[in-house]
Amino acid sequence: YLKISKLAVAFAIIHSKPPGKSSKEYTEHLAKTVSEQDFGWKWKAEVLEAEVLRLRQELLLNRICPRFCLENNTSVETLLDRECVNSTSYSSQLEDSGCDVSNDSAFDSLGIASDFHQSEHNVSTSNSWLERVPPLNFCQTSKEQFLTAPVQFLQHLLEIRKLSEGGILQADFSELESDSFTICNSVSQMLDALTVFYNSPKFPVSTFLTEAVCVLINLITDTKLSNYVLKKCFKKLEEFKKNLIQIILRNSSVNRFQALHSISQTLVLLGRNSILRNSLISLLLSEVRQFAEQLLQAHQVQSVYDITRYENIFPLCMILEQLLQNETEKSNVSSSSCEGEEKIKFLKNLDQIILHLSDEFPLFSLYLWRVNVLLNSAQMQ
């Protein structure tokens with residue numbers, strides 16, 4: 001039946017093709033027309049899904065706290081226009097090679113570090129934060145603007161949490177259990193948008209992007225909301241961490257170091273959460289170990305190695321060192337926090353790897369040795 005149907009379609013195309021056009025050209029034209037119609041329907045479906053999510057977000061916030069008002073005078077368009085005006089002051093960043101990451105200037109130039117600390121201050125100042133949160137809006141087009149809706153929703157959620165903690169509002173956060181779809185989709189949408197940005201960063205960075213990182217960190221560190229987010233979105237957060245690590249390793253652009261430094265700091269901030277930290281350390285140990293083994297093999301047979309991957313492995317080493325350093329500085333670190341299969345694999349034959357690579361790759365060998373010391377220090381505790 002399928003063969004007969006295909007044959008009938010073929011004959012119909014041949015008989016109906018316009019003069020001066022071959023059957024192949026006419027078939028490709030018909031396929032393109034149908035594809036464009038499908039794309040139109042997909043776009044309409046995405047718009048409707050976005051509107052449904054927006055309504056669910058507003059409904060959930062209203063159920064959690066009916067007194068919370070979502071209206072305010074600041075529009076998304078006004079905030080974006082302000083970004084365009086302020087962008088001229090950052091033009092010098094585009095001329096910089098981005099290679100100097102010896103201090104925090106590269107990270108601060110993205111605005112994330114300073115904005116994160118500012119956000120920590122603002123979260124305690126309820127009224128000022130509410131004033132800068134635009135109403136929920138999905139009518140955005142650029143990749144940065146896809147962050148608008150989830151960031152605003154989660155900002156409102158954090159604000160309700162802070163106001164309820166201070167006794168200003170009465171809120172019922174048990175509603176999050178009955179509507180896990182909304183918070184999961186919002187967090188997933190925000191993580192996907194951040195991944196898109198980190199894949200091809202644009203300078204100067206919009207405040208929506210830096211605010212998204214602040215909101216994400218505040219969300220997973222909040223004592224009440226983090227349980228809901230980590231429980232419902234743990235797999236998505238794990239996927240996000242893996243994506244960021246691969247973006248660091250694969251990036252081969254000339255001016256990449258400034259962007260890689262910002263991704264590194266985002267991973268470090270995620271590693272502050274005890275639940276996410278252990279899995280992040282395992283991921284980093286795995287990547288560094290695999291690269292060290294590949295580099296040793298290439299060195300022994302005198303074959304070429306990926307110089308870009310070699311340069312990009314150092315941000316992962318620095319993240320790993322910082323996370324392990326934080327582990328050893330805490331007096332209440334559990335003995336199992338750094339244990340696991342990846343740690344055993346990493347430490348196996350590590351001394352031999354360092355010995356063979358130390359002459360040709362002294363800096364990388366030094367990082368391996370420092371990670372080795374930190375792992376053993378955590379084990380001793």
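Helix 12, which covers residues 225–250, packs against helix 14, residues 274–300, at an angle of about 30°, and the axes of the two helices are 11 Å apart. This description comes from a predicted model. Because angles under 35 degrees count as roughly parallel, helix 12 and helix 14 are roughly parallel to each other. Their crossing is right-handed.

The residues that meet can be named on both sides. Helix 12 brings Leu230, Phe234, Leu237, Glu238, Lys241, Lys242, Ile245, Gln246 and Leu249 to the contact, while helix 14 brings Ile275, Leu276, Ser279, Leu280, Leu283, Leu284 and Glu287. Sorted by class, this contact of helix 12 with helix 14 is made of ten nonpolar, two polar and four charged residues.

In the loop between helix 13 (257–270) and helix 14 sits Asn273. Asn273 has a relative accessibility of 9%, and since buried means under 20%, Asn273 counts as buried.

Tyr305 belongs to the loop between helix 14 and helix 15 (307–329), and Phe361 to the loop between helix 17 (350–357) and helix 18 (362–380), so the pair ties together parts that are 56 residues apart in sequence. Another edge-to-face pair is formed by Tyr310 and Phe364, with 6.2 Å from centre to centre and 65° between the planes. Here Tyr310 lies in helix 15 and Phe364 in helix 18, so this pair ties together parts that are 54 residues apart in sequence.

The table gives the relative accessible area of each residue in these two pairs.

| Residue | Relative accessible area | Class |
|---|---|---|
| Tyr305 | 36% | partly exposed |
| Phe361 | 5% | buried |
| Tyr310 | 12% | buried |
| Phe364 | 0% | buried |

Terms used. Residues are numbered from 1 along each chain as its sequence is written. This is a predicted model: local features need pLDDT of at least 70, side-chain atom pairs count only at pLDDT 80 or more; totals for chains, interfaces and linings use all residues. Side-chain values use heavy atoms; hydrogens and water are left out. Axes are lines fitted to C-alpha atoms, for helices over the stretch in contact, and angles run from 0 to 180 degrees between N-to-C directions. Helices (H or I, at least four residues) and strands (E, at least two) are DSSP runs, numbered from the N terminus. Angles under 35 degrees count as roughly parallel, over 145 as roughly antiparallel, 65 to 115 as roughly perpendicular and the rest as oblique. A crossing is left-handed if the near helix is turned anticlockwise from the far one by less than a right angle, and right-handed if clockwise. Contact means heavy atoms within 4.5 Å. Ala, Val, Leu, Ile, Met, Phe, Trp, Tyr, Cys and Pro count as nonpolar, Asp, Glu, Lys and Arg as charged, and the others, Gly among them, as polar. Buried means under 20% relative accessible area, exposed over 50%, partly exposed in between (1.4 Å probe, protein chains only). Rings of Phe, Tyr and Trp (its six-membered ring) pair if their centres lie within 6.5 Å; planes under 30 degrees apart count as stacked, over 60 as edge-to-face and the rest as tilted.
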